[in-house]
Structures are given as C-alpha cells and as structure tokens.
Amino acid sequence: MDNYKRKKQSLPYHYDDPSLMGRQQDYLELLYDFNQTRPHEQQKKNDLQQQMSAQIGENCHIETPLHANWGCHNVHFGKGIYVNFNLCLVDDADIYVGDHCMLGPNVVIATSGHPLLPILREHNYVYNFPVHIGRNVWIGSSVQILPGVTIGDNSVIGAGSVVTHDIKANMVAYGSPCEEVRQIGEKDRKYYYKDHELDVSE
C-alpha cells in the first residue's frame, strides 16, 4: 500500500514521501496567496477559501495569517464561522468544524502525531486521526486540540486548554489536560461573564 493510501486510512506512513510532498506544495501555493490578501480584498479571500478548502459554508470569516500543513485541503467548515488570527491547522487528516463556531487567536488543531517508539520517529513515521468540532462551539485563545478529538455542540473550551480527549455537548471545559467543568445552563441565562448580569430589559 502506498503512503497516500496509508495516510487516508489513518495508518502510520512515511511523511517525507516525495509523491506526497509534491501534492502538498500545490495546496500550499493557494494558502500563500490567501495570506497575501489585503484587508479590503474580501471577495478574493472568499474565492481562495473555496478553492483551498474541502468544504466551506457561507459567511465564514478567517483572519490572516492562517497556517495549514495541507493548505486547508482537508478542512470542512460549516457556515457562519469566525476564525481569529494565527489559526494553525495540522490538516494531514480531515478537520470538521460545524456551523457558527468561533475560534480565538493562536488556536492549534492537530490531526497528526508521531509514534513514541524512537526508531519509528527516526524513520519519519507519522499517524493521522480526524478532528470533529460540533455546531456553535467557542474555542478560546491558544487552545490546542489533539488528533482524534471530538467536541460536542455548543461547548466552550477555555483559553490555553490542551484537549486530549472528547468533550460532550453543552459543556464548559478547560485545563491541561482539558476537563469538563460544568454544563451550560440556567446560570448562563443570568450571567454573561462572571458576576456580570445580562440585561434582558432591552
């Protein structure tokens, strides 16, 4: 089995295979063009996003710079997503992000890792597992999401967290490693931040 097929099947493979690297460089050319766009060139950015991505919905806004191993070729974005500066995608496998998600600055989403056995790393082995982020999820700044993780709908991941395992829907979670702290519920109908109350009169 060639390295491209092994890569797609989440099997360990040699990442320095020239046939893989050639495809990768082609995708990175589009990402380079995207990162060179000027602030008023929104239509150009939108057009490049369509070319770059496996899937991208309407009304997505991605701040530059954006970094991606495969130039977003394996990235599936829903609609209405906002991405702040310096998103880093290790998109060797598929990354799925649901509608209306928000990603803070300096977020890392990694689908790829290296075996612990030293001899395998010495021979450039790598493995990939997809990441799934549900609908209406808020990922705080500098969060790192590791291979194979699923985050459920509506959850909030606190700034600086390292997400090593799945997070259920409707949860507030944070820490390193990231842990579920509480469900989103009645308290959040009253307070929008710490002890600051929502003004429902307007």
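Author: With a relative accessibility of 24%, Asp188 counts as partly exposed, a class lying between buried (under 20% relative accessible area) and exposed (over 50%), for a 1.4 Å probe and protein chains only. The model is predicted, so local features need pLDDT of at least 70 and side-chain atom pairs pLDDT 80 or more, whereas totals for chains, interfaces and linings use all residues. Residues are numbered from 1 along each chain as its sequence is written, and side-chain values use heavy atoms, with hydrogens and water left out.

Asp188 forms a salt bridge with Arg182, and the closest N and O atoms are 2.9 Å apart; the term requires a side-chain nitrogen of Lys or Arg within 4 Å of a carboxyl oxygen of Asp or Glu. Arg182 is likewise partly exposed, at 30% relative accessibility.

Both residues also belong to the lining of the largest pocket, which has a volume of about 530 Å³. A pocket is an open set of points on a 1 Å grid over the protein atoms alone, with protein on both sides within 12 Å along at least five of seven lines, and a lining residue has an atom within 4 Å of a point. Of the 17 lining residues, those closest to the pocket centre are Trp138, Val172, Arg182, Asp188 and Tyr192. Helix H5 (186-190) and strands S17 (156-157), S19 (171-174) and S21 (191-193) each supply at least two residues of this lining; helices (H or I, at least four residues) and strands (E, at least two) are DSSP runs numbered from the N terminus.

Helix H5 also holds Glu186 and Arg189, which are 3 residues apart, about one turn of the helix. These two side chains form a salt bridge, with the closest N and O atoms at 3.1 Å. Glu186 is exposed, with a relative accessible area of 61%, and Arg189 is exposed with a value of 61%.

The whole structure contains 3 salt bridges. One of them joins Glu180 and Lys168 at 2.7 Å, N to O. Because Glu180 lies in strand S20 and Lys168 in the loop between S18 and S19, this pair ties together parts that are 12 residues apart in sequence. Glu180 is partly exposed at 28% relative accessibility, while Lys168 is exposed at 54%.

The strands S17, S19 and S20 are members of an open sheet of 7 strands, ordered S3-S6-S9-S14-S17-S19-S20, with mixed pairing; two strands pair if DSSP finds at least two bridges between them. Its edges are strand S3 (61-62) and strand S20 (179-183), each of which pairs on one side only. Further in, strand S9 (residues 102-103) and strand S14 (residues 138-139) pair in the parallel sense over 2 bridges. Trp138 of S14 is the bridge partner of Met102, and Trp138 is also one of the residues closest to the pocket centre.

Notes
1 Å grid on protein atoms, 1.4 Å probe; cavity = no way out; pocket = protein on both sides within 12 Å on 5 of 7 lines; lining within 4 Å. Points joined across faces, edges and corners; volume = space filled by probe spheres on them.
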